Amino acid sequence: MTAPSRYHAEYAWLGGQTPVRDVLIEVVDGVIAQVRPAAPGTAATRLPGLTLPGLANAHSHAFHRALRGRTHGFDRSGSARLAPRSDPDRSLHRSGSFWSWREGMYALADRLDPDSYHRLARAVYGEMALAGITAVGEFHYLHHAPGGARYADPNAMSDALVAAAAEAGIRITLLDTLYLTSSVDGDALAGTQLRFGDGDLDGWAARAAELRLGPHARRGAAIHSVRAVPAEAIGGLIAATDGLPVHAHLSEQPAENEACLARYGRTPAELLDSYGALRPGTTVVHATHLSDVDRTRLGATGTAACLCPTTERDLADGIGPARALADAGSPLCLGSDSHAVIDLFEEARAMELDERLGTLRRGHFSPGELLTAATAAGHRAIGWPDAGALAAGQRADLVTVDLDSVRTAGSEPLAGAVLAATAADVTHVVVDGRPVVRDGRHVSLDVAGELRAAIEAVTR
C-alpha cells in the first residue's frame, strides 16, 4: 500500500444538484479511500474550482479527429471532404450529406498504418485528457491493412490504440467492431471497407480473442450497424460476448431505417431486439430516428443510449429523442464520436439545448442529470462501473473546472460548469490516482504539437 494522497476541493460534486464546499478526498493505491469535510490546516493538494468525477467519452473514432476543419464546409452546396491521395491535386471536394462525408472519412482511413495511427491516437487521447476525459470507449473497426490484407500481427491497429491511451494517461475500452457487409442487403465489402472486415463472425471472434490489454484497458465489442452486420450474425456476436459491453450504431440516418424495413420488415431496433441484442450491457449510439415502439423497446430492456450531439449536428443527422429515451428507461451517456470538438461539457449541455430547439420549451434535464450522463453513466456503458463518482471505493478520477475563467466567473458553480464551462476550463485531471493534467497542461505530452504533426502526416 502506498502512502495516501489528499486533495482539498474548493467545491466537489458528490451527486445531486448542489456541490459541496471544502471537501477532502483521500486516495490510496488509485482508489478513493474516503470523502469528508476538509478540516482547517489539513495537508492536501488544493484544487480551486469545482471538482467532478472523471468524464467518460463513451463513443470515439480516434482517427476521425484528423478530419476536423477539413470536412465541415460552409457553402450552400454542402460540406467538403478529404480527397483520396490518388487525386492529383488532393483538393477538397464538395458534398452535402452524411454519406458523402463518409467518403472523405474512407480516404483518411486508407492513409493510416499502425505507426501513424498510434501517433494520431496518442495525441487525440491527450486532447481528451486535457478536456477532463479519464476513460474512452473506442469504437474500433480499422483492423487491417489497405486492401484487407492482414498485418503480421492481426491486432496491430488495436495495439496502437491501447498503447496510445496508456501514454496519454487515460483508460480505454476497446469496442472491437464486427463489420462484414457494405449494405443491409448484404453487398460485399469493397475499397476501404476491406480494411474493416474479418470475413465472417468466426474470423472476427478469433482475432478479437487475441487482443492484448493492460490494466488500463478492457475489452468490449460492437455491432457496427445493421448495414454492416447481417441479421444472422447479430445473435452470434451476442452469444460470443457474454459479460462484455456491446455497442451498436443505431438509426443514425433515415436511409438506414428504410433499408432495414425493406430487407427485414423491422426497424433496426426491432431487428437487434429479435436477436437478444437489446439488454443491460448494450449501448446504442445516436438512436436519432426512432419510432415510439423503438423507444419503448430500448427503455424496457434497459439498453443505454449514447448521444453525440456535436457530431450529430455537424453531420446534419438530426436531433435525437433524449428526454423520451430517458423517460422510457434508457440510461443516457455521451460521446464525441467524430471529434468535431472534444468537449464533454458541450456534449452535455447540447443534450439539453437540442431538446429546447426541438420542443420550443426549456428545462428538460437538470445539471445533475447532464453530469451523470457525462460521468457515471458513461463509465458504466464502457465497462468501468467502479468509476464516475467521488465516493469511497471508486477509482480516483478527479477533474477540476476553473470557476474564475471568463466563461464561468460569477456563475453558480454547478450550473456554471455545465452550461458555460468548456474543455479549456479544465485545470487538473487525476486518473486512477495519477496526475495527468496540471494547471491546464498535460504532464507528459505536448498535445497541440503532437496533434499538428500527426494530422499533417496523414493529410498532406
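Q: Where does A316 lie?
A: This is a predicted model. In it, A316 lies in the loop between helix 9 (309-314) and helix 10 (322-328).

Q: Is A316 buried or exposed?
A: Exposed. Its relative accessible area is 65%, and the cut-off for exposed is over 50%.

Q: What about phi of A316?
A: Positive, near 60°, in a residue other than glycine.

Q: Where does H339 lie?
A: In the loop between strand 14 (332-334) and helix 11.

Q: Buried or exposed, that H339?
A: Buried. Its relative accessibility is 0%.

Q: On to helix 11. How does its span compare with what 1.5 Å a residue should give?
A: It agrees. Helix 11 covers residues 344-359, which is 16 residues, and should span 22 Å. Its end C-alpha atoms are 23 Å apart.

Q: Where is the kink in helix 11 centred?
A: On A350. The kink is about 30°.

Q: Which residue caps the N-terminal end of helix 11?
A: D343. One of its side-chain oxygens lies 3.0 Å from the backbone nitrogen of F345.

Q: What follows helix 11?
A: L360, with a positive phi near 60°.

Q: Which residues of helix 11 are buried?
A: L344, F345, E346, E347, A348, R349, A350, M351, E352, D354 and E355.

Q: New topic, helix 3. What length does it reach?
A: Helix 3 (residues 156-168) reaches 18 Å from its first C-alpha to its last. It has 13 residues, and 18 Å is expected at 1.5 Å a residue.

Q: Which of its residues are buried in helix 3?
A: A156, M157, S158, A160, L161, V162, A164, A165 and A168.

Q: And what follows helix 3?
A: G169, whose phi is positive, near 90°.

Q: How far apart are A168 and V447 in space?
A: 9.2 Å, C-alpha to C-alpha. In sequence they are 279 residues apart.

Q: Which helix is V447 found in?
A: Helix 15, residues 447-459. V447 counts as buried, at 7% relative accessibility.

Q: How many bridges join strand 1 to strand 4?
A: Five. Strand 1 (residues 5-12) and strand 4 (residues 45-53) run parallel. As an example, Y11 has L50 in strand 4 as its bridge partner.

Q: Which residues sit on each side of strand 11?
A: V246, A248 and L250 are on one side. H247 and H249 are on the other. Both faces are covered.

Q: In which sense does strand 10 run with strand 11, parallel or antiparallel?
A: Parallel. Three bridges join strand 10 (residues 217-223) to strand 11. I223 stands opposite A248.

Q: And how many bridges between strand 11 and strand 12?
A: Five, again in the parallel sense. L250 has H286 in strand 12 as its bridge partner.

Q: Where is the place of Q253?
A: In the loop between strand 11 (246-250) and helix 6 (254-264).

Q: Buried or exposed, Q253?
A: Buried. Its relative accessible area is 10%, and buried means under 20%.

Q: Which side chain does Q253 contact?
A: The side chain of D317, through a polar contact of 2.5 Å.

Q: Last topic, the largest pocket. How much space lies in it?
A: About 250 Å³.

Q: Which residues are closest to its centre?
A: P280, G281, T282, R380 and A381. The largest pocket is lined by 17 residues.

Q: Which elements give two or more residues to that lining?
A: Strand 12 (282-286) and helix 13 (376-381). Helix 13 gives the largest share, three residues.

Note on methods:
Residues are numbered from 1 along each chain as its sequence is written. This is a predicted model: local features need pLDDT of at least 70, side-chain atom pairs count only at pLDDT 80 or more; totals for chains, interfaces and linings use all residues. Side-chain values use heavy atoms; hydrogens and water are left out. Helices (H or I, at least four residues) and strands (E, at least two) are DSSP runs, numbered from the N terminus. The expected span of a helix is 1.5 Å times one less than its number of residues. The bend at a residue is the angle between axes fitted to the seven residues ending there and the seven starting there. Buried means under 20% relative accessible area, exposed over 50%, partly exposed in between (1.4 Å probe, protein chains only). A polar contact is a pair of N or O atoms within 3.5 Å; within protein, one must be able to donate a hydrogen and the other to accept it, and residues adjacent in sequence count only if both atoms are side-chain atoms. Two strands pair if DSSP finds at least two bridges between them. On a 1 Å grid over the protein atoms alone, a cavity is a set of points where a 1.4 Å probe fits but cannot get out, and a pocket is an open set with protein on both sides within 12 Å along at least five of seven lines; lining residues have an atom within 4 Å of a point. Grid points are joined across faces, edges and corners, and a volume is the space filled by probe spheres set on the points.
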